[in-house]
Every structure is written in structure tokens, then in C-alpha cells.
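The entries follow the order in which I consulted the structure.

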Amino acid sequence: MKRYSRITGTGSFLPPRRLTNADLVTELAGRGVETSDDWIVERTGIRARHFASDGVFSSDLGLEAAKNALAAAGRSAKDIDLIIVATSTPDMVFPSTACILQNKLGANGCAAFDVQAVCSGFVYALAVADSMIQTGAANCALVVGAEVFSRILDFNDRTTCVLFGDGAGAVVLEASKTPGILASDLHADGKHVGILCVPGHVSGGSISGDPLLKMDGQAVFKLAVGLLESAARATLAKAHLTEADIDWLVPHQANIRIMQSTARKLKMSMDKVVVTVEHHGNTSAASIPLALDTAVRSGQVKVGETLMLEGVGGGFTWGALLLIL
Ligand code: UT7
């Protein structure tokens, strides 16, 4: 009998410090950086973001999201045999944030590693966990997206610093006799490294190069819309389904205009798109599980419905994953 993987619980967490656009406009004005609530809302749909306090790391945000997901699944740390954390803002250069989270959670002994695919990270991590469950390498996985992007923002660059925030989301993914994850489609094209990157690196005991985020927003925007459509279509083809079979699109929460364009290309109404970007901005690998958990807990998305998750990010990476909740 075929082994499937199925989500049995979701969780998320936003750090308490919340900055509305108005708060950020005031803070940036103090630096001589000019922006406005109108510009941010009109161009991105973002109204607020959360920033972690000093000394709070991706593993701390991931821990809270993980606890919520485990509680929703009716599982405890001892049930977990695999932890995958998707993050581009790890606590340390090494060991992985997954190992640090594992210890905080008290799940010591299980396999734990990070996936680095920036904003596509959660889709990548979920696809890897699905494969490991299908092959029998794992039975009960914790898949987390956790980020503290506020640490890598250049607050003198208005074209990027208004876009991102901190947060975490998690799911418990378990072996199942009935279908959960139906298909996934992952891609990367390293020739686009320069359009979205943090070019700095540790060398000789100090940071060489610029350790802050650089993005050519327009180039990313143009690539994103086409690639999201092609990944969604390839995933549907693998599952022998069409866009009419999708109950909910749960896209990476970067920009409402990218979500609208993708929905249009897939001939889906925005009523079928889970949108939470206004509450937390772009939280990179955390944004899809954050949106998913919000939709599950509000009752917007229900068990048994078919969901298309999809993301794009630095690398360039992109991917989609189709599942029955
Ligand atoms: O998570 C990974 C994926 N990342 C993304 O998906 C981001 C994709 N890109 C985007 O979402 C959009 O390109 C942005 C939101 C980053 C920018 O929106 P845009 O409509 O492409 O704006 P733009 O870059 O064409 O800039 C338009 C104008 C420029 O002024 P001029 O040259 O027309 O006078 C910018 O200088 O807006 C100006 N501008 C700002 N004005 C006020 C740029 N940032 C700001 C700002 N406040 N924060």
C-alpha cells in the first residue's frame, strides 16, 4: 500500500513588537529616509510587520510555532523523528537552526537539518519531508519556516526595509494511508543570484562584503509571476488535476500584486487566495506556514480541501506543492 504524508497540525508565531507602516515611516524619517503608508500599501499590500527583540533568534520563533503545531496535531516532542527548518537567517553559521530548535524542544536524537532556499524554503522543506516519509525514512516530521529578516535589513534603503518582517510557521507532517501531499515541483536558477542576495560572508573571523539584503525588486517581480504560474501548472500536471481542482492558493506572502497576478494567470478568484501579507510583510520562509496556520485557525481553510502552496525567492528558487489538508 502506498505511503503518503499528511499535515496533522499547523502553528505559527509572530514576535510581540509590531510596527505599523506609520510607526516605520516615523522611525525611518529619523534617519532621513522618506517613505509613506500610501506607497507601502499601494505597492505591496503590507500594513504592519513584527520585529524580534534583541537576543531572540529564528530558533526561538520556530520553537513557539512548533509548540503550537504539535499541540494542534496532538503530538509531543518525543513523537518527532525528523526536524527540517527552512531559514535564511540562522541563529549561527553552524550548527543548523534545526539542531538548536531540536534541543529547545526536547526532541533530542531525531534527524535535524536546515534547508536554505530563501522564500521558497518552506515549499522545499515540505517536499523533502514528504519524500522522506514516503520512503519510510521518517514517520512524523516537524517542518518549520522561521526568520528574523529584521537583522539583515538596510534601514537606509527604503526599497527593501519596508517590505520584510520576522516570524515563524510550522506543520507536523505524518505518514498516512490516505493522500495528503499529492505532488510538488521544485526549481532553481543560480544565474539570478545577484537580484536578491545578502552578499556578505564570514572570513578570517570577521564579515567580508555587505551583510545586508540587496534586491532588484522589479527583476524579482517579473520573474516571480511567470515562474509561480509554471510551477503551479507543473505540479497540477503531476497530480493529474487542473486549476479548477484547487480550493485554496496559499502563496508566499511578499506582495499582494504578485498574488493577484498569479491568481489571474491560474484563473482563480482572489476569494480563493489566502492573504496575510498585510499583517506581517514578507517573512521569507515563514510566510507560507504563517498564512496556512492563520487560514486553518480562522476556519477559512478546512480539512479535506485541496491547497496549492507556492513560493519564489533568492537563488533564484521557486516551487509549488499540492496537498489535501
Ligand atoms: O520574497 C522574495 C520575493 N521578493 C519579492 O517578491 C519582491 C518583488 N518586488 C516587489 O514587490 C516590487 O518590485 C517592490 C514592492 C519592491 C517595488 O514596487 P515597484 O512598483 O516595482 O516600484 P519601483 O521599484 O518601480 O519604484 C517606483 C518608485 C521609484 O521612484 P521613481 O524612480 O519612480 O521616482 C522608487 O524610488 O517608488 C520609489 N520607492 C519608494 N517610494 C516610497 C521605492 N521604495 C519606496 C518606498 N517609499 N519605500
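**Notebook: the ligand site**

I began with the pockets, and I found that the space taken by the ligand is the second largest pocket. For this I used a 1 Å grid over the protein atoms alone, on which a pocket is an open set of points with protein on both sides within 12 Å along at least five of seven lines. A molecule sits in a pocket if more than half of its atoms lie within 2 Å of its grid points.

I noted that this is a predicted model, in which local features need pLDDT of at least 70 and side-chain atom pairs count only at pLDDT 80 or more, while totals for chains, interfaces and linings use all residues. Residues are numbered from 1 along each chain as its sequence is written, and side-chain values use heavy atoms, with hydrogens and water left out.

**Entry: the shell**

I listed 22 residues around the ligand, and those that come nearest are Thr 35, Arg 158, Gln 218, Asn 255 and Asn 282. A residue counts as near if one of its heavy atoms lies within 4 Å of the molecule. I sorted the shell into eleven nonpolar, eight polar and three charged residues; here Asp, Glu, Lys and Arg count as charged, Ala, Val, Leu, Ile, Met, Phe, Trp, Tyr, Cys and Pro as nonpolar, and the others, Gly among them, as polar.

At least two residues each come from helix 2 (37-44), helix 6 (158-161), helix 7 (217-238) and helix 8 (256-265). Helices are DSSP runs (H or I, at least four residues), numbered from the N terminus.

I also checked the domains, whose bounds come from an automatic or database domain assignment. The ligand lies between domain 1 (4-176) and domain 2 (181-324), because both give residues to the shell.

**Entry: polar contacts**

I looked for polar contacts, which are pairs of N or O atoms within 3.5 Å. A side-chain N or O atom of Gln 218 is 2.4 Å from an oxygen atom of the ligand. For Asn 255, a polar side-chain atom lies 2.6 Å from a ligand oxygen atom. I recorded that the ligand taken alone exposes 950 Å², of which the protein buries 74% (Shrake-Rupley method, 1.4 Å probe).

Terms used: A polar contact is a pair of N or O atoms within 3.5 Å; within protein, one must be able to donate a hydrogen and the other to accept it, and residues adjacent in sequence count only if both atoms are side-chain atoms. On a 1 Å grid over the protein atoms alone, a cavity is a set of points where a 1.4 Å probe fits but cannot get out, and a pocket is an open set with protein on both sides within 12 Å along at least five of seven lines; lining residues have an atom within 4 Å of a point.
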